[in-house]
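Student: I have a new model open on the screen and would like to go through it piece by piece. Please keep the answers plain.

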Amino acid sequence: MHRADIINITIHPALKDSFSITAIDGQLFEDDALRRISFNELIFVRNGHGTITIDGKAHAITPHSLFILSKGQIYAVSHDNLVNGYILRFGDCFWEKTPASAANCKAVLYNDPSGHQQMQLDTREEQVIDSLLSTTLEEFNMPDYVNKGDALAAYLKIIMIKVANVNSLLHTGHSSTDNQVYRQYVELVSREYRNTHEVNDYAGKLGLSYRQLADLCKRCGGRRAKDVINGQLVAEAKRLLQFSTKPVKEISYLLNFATPYQFSNFFKKETQVSPNEYRTQFVKIGI
């Protein structure tokens with residue numbers, strides 16, 4: 001989205017060194033302004049209340065929970081929000097410092113966050129993640145030293161592994177090679193979904209047949225290969241419809257649909273409402 005097309009949305013500034021962690025005991029924000037993030041974010045709620053709306057979907061802020069927000073998502077919090085916990089933010093360039101063995105965890109969590117935008121933690125999970133975030137904050141606040149970034153990246157790796165295992169997000173029963181290829185597919189779709197919507201195109205880039213990729217997605221992700229592509233398209237279409245003034249025709253071409261009619265049919269099949277109906281639901285947002 002170009003700045004001129006955005007309806008009253010605050011764009012978060014870039015992070016210093018592409019990483020930050022903050023303890024919070026109060027409001028996330030003092031207003032309900034819409035914000036679009038340019039980095040990945042994890043919000044840990046030890047205690048709290050209020051509402052956080054992410055890409056138009058409202059989530060109650062509840063104790064003992066996590067929120068996963070991926071770069072490009074748009075969110076706002078209600079005026080009455082109150083959170084005791086942590087906010088961890090990191091850019092993709094910082095993630096590149098983490099050991100490769102954790103790459104699948106980040107892909108599962110942040111390349112397709114809608115299925116686990118909010119996670120409820122049991123007592124053991126909460127204690128582990130709370131302790132890790134506390135230790136990471138202590139490291140972050142230490143005076144700079146050689147390889148401090150590498151130490152923080154190592155902590156980030158452990159946090160991502162632990163979070164990705166909440167609610168069995170990382171499926172078992174498949175090899176590490178399958179994991180790696182599935183991660184590559186999800187990452188490729190997150191970069192290329194505006195250019196191609198065809199599973200065959202992604203399979204070819206990965207050196208696989210259509211059937212091999214379809215079977216891999218079922219084993220590792222529990223869904224169809226096409227669902228990964230459609231999920232990215234629907235999420236971005238919703239953002240553009242809700243938070244920009246672009247006409248439906250322009251959005252359809254931005255997302256590489258041959259015609260507005262084809263885009264409208266796709267969107268209605270996936271969401272049960274037309275693009276115009278969906279936009280009308282949010283007509284007062286930002287006013």
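**Contacts, cores and strands**

Student: Leaving aside neighbours within four places in sequence, what is leucine 254 in contact with?

Tutor: Beyond those neighbours, leucine 254 is in contact with Arg194 and Lys246, where contact means heavy atoms within 4.5 Å. This is a predicted model, in which local features need pLDDT of at least 70, side-chain atom pairs count only at pLDDT 80 or more, and totals for chains, interfaces and linings use all residues. Residues are numbered from 1 along each chain as its sequence is written, and side-chain values use heavy atoms, with hydrogens and water left out.

Student: Where is leucine 254 found?

Tutor: Leucine 254 is in helix H9. Helices (H or I, at least four residues) and strands (E, at least two) are DSSP runs, numbered from the N terminus. The residue is partly exposed, with a relative accessible area of 32%. The scale is buried for under 20% relative accessible area, exposed for over 50% and partly exposed in between, with a 1.4 Å probe and protein chains only.

Student: How many residues apart in sequence are leucine 254 and asparagine 195?

Tutor: They are 59 residues apart in sequence, and 9.1 Å apart in space, C-alpha to C-alpha.

Student: Zoom out. How many helices and strands does the protein chain come to?

Tutor: The count is 11 helices and 10 strands. Of the 287 residues of the chain, 50% count as buried. Among contacts with a separation of 6 or more, 74% are between residues 24 or more positions apart.

Student: Which residues have the most contacts inside the largest nonpolar core?

Tutor: Tyr185, Tyr202, Leu213, Leu255 and Phe263 do, in a core of 30 residues. The elements that give two or more residues to this core are H5 (176–192), H6 (199–205), H7 (210–221), H8 (225–243), H9 (248–254) and H10 (260–271). H8 gives the most, with 8 residues. A nonpolar core here is a set of buried Ala, Val, Leu, Ile, Met, Phe, Trp, Tyr and Cys residues joined through side-chain atoms within 4.5 Å.

Student: And what is leucine 213 in contact with, again leaving aside neighbours within four places in sequence?

Tutor: Tyr185, Val199, Tyr202, Ala203, Leu206, Leu208 and Ala225. Apart from this core lies another, of 29 residues, among them Ile21, Phe94, Trp95 and Cys105.

Student: Stay with H7. Which residues in H7 are buried?

Tutor: Leu213, Ala214, Leu216, Cys217, Cys220 and Gly221 are buried. Seen down the axis of H7, the buried residues fall within an arc of 160 degrees, so they line one face of the helix. The arc is that of the directions from the helix axis to the C-beta atoms. On the other side of H7, Arg211 and Lys218 are exposed.

Student: Why do residues three or four places apart point the same way?

Tutor: An α-helix has 3.6 residues a turn, so residues at that spacing point the same way.

Student: What should the 12 residues of H7 span?

Tutor: At 1.5 Å a residue they should span 16 Å, and the end C-alpha atoms of H7 are 16 Å apart, which agrees. The expected span is 1.5 Å times one less than the number of residues in the helix. Just after H7, glycine 222 takes a positive phi of about 70 degrees.

Student: What about phi of asparagine 147?

Tutor: Phi there is near 70 degrees, a positive value in a residue other than glycine. Asparagine 147 lies in the loop between H3 (123–141) and H4 (148–164). Glutamine 272 also has a positive phi of about 70 degrees without being a glycine. Glutamine 272 lies in the loop between H10 and H11 (275–281), and is exposed, with a relative accessible area of 59%.

Student: On to the strands. How many residues of strand S7 are buried?

Tutor: 5 of the 5 residues of S7 (residues 65–69) are buried, so the strand is largely enclosed by the rest of the structure. Ser65, Phe67 and Leu69 are on one side and Leu66 and Ile68 on the other.

Student: How many bridges join S4 to S7?

Tutor: 5 bridges join S4 (residues 40–49) to S7, and the two run antiparallel. Valine 45 stands opposite serine 65 in S7. S7 is also joined by 3 bridges to S10 (residues 118–120), again antiparallel, and methionine 119 in S10 is the bridge partner of leucine 66. Two strands pair if DSSP finds at least two bridges between them.

Student: Is serine 65 buried or exposed?

Tutor: Serine 65 counts as buried, at 0% relative accessibility. Leaving aside neighbours within four places in sequence, serine 65 is in contact with Ile43, Phe44, Val45, Gln118, Met119, Gln120 and Leu121.
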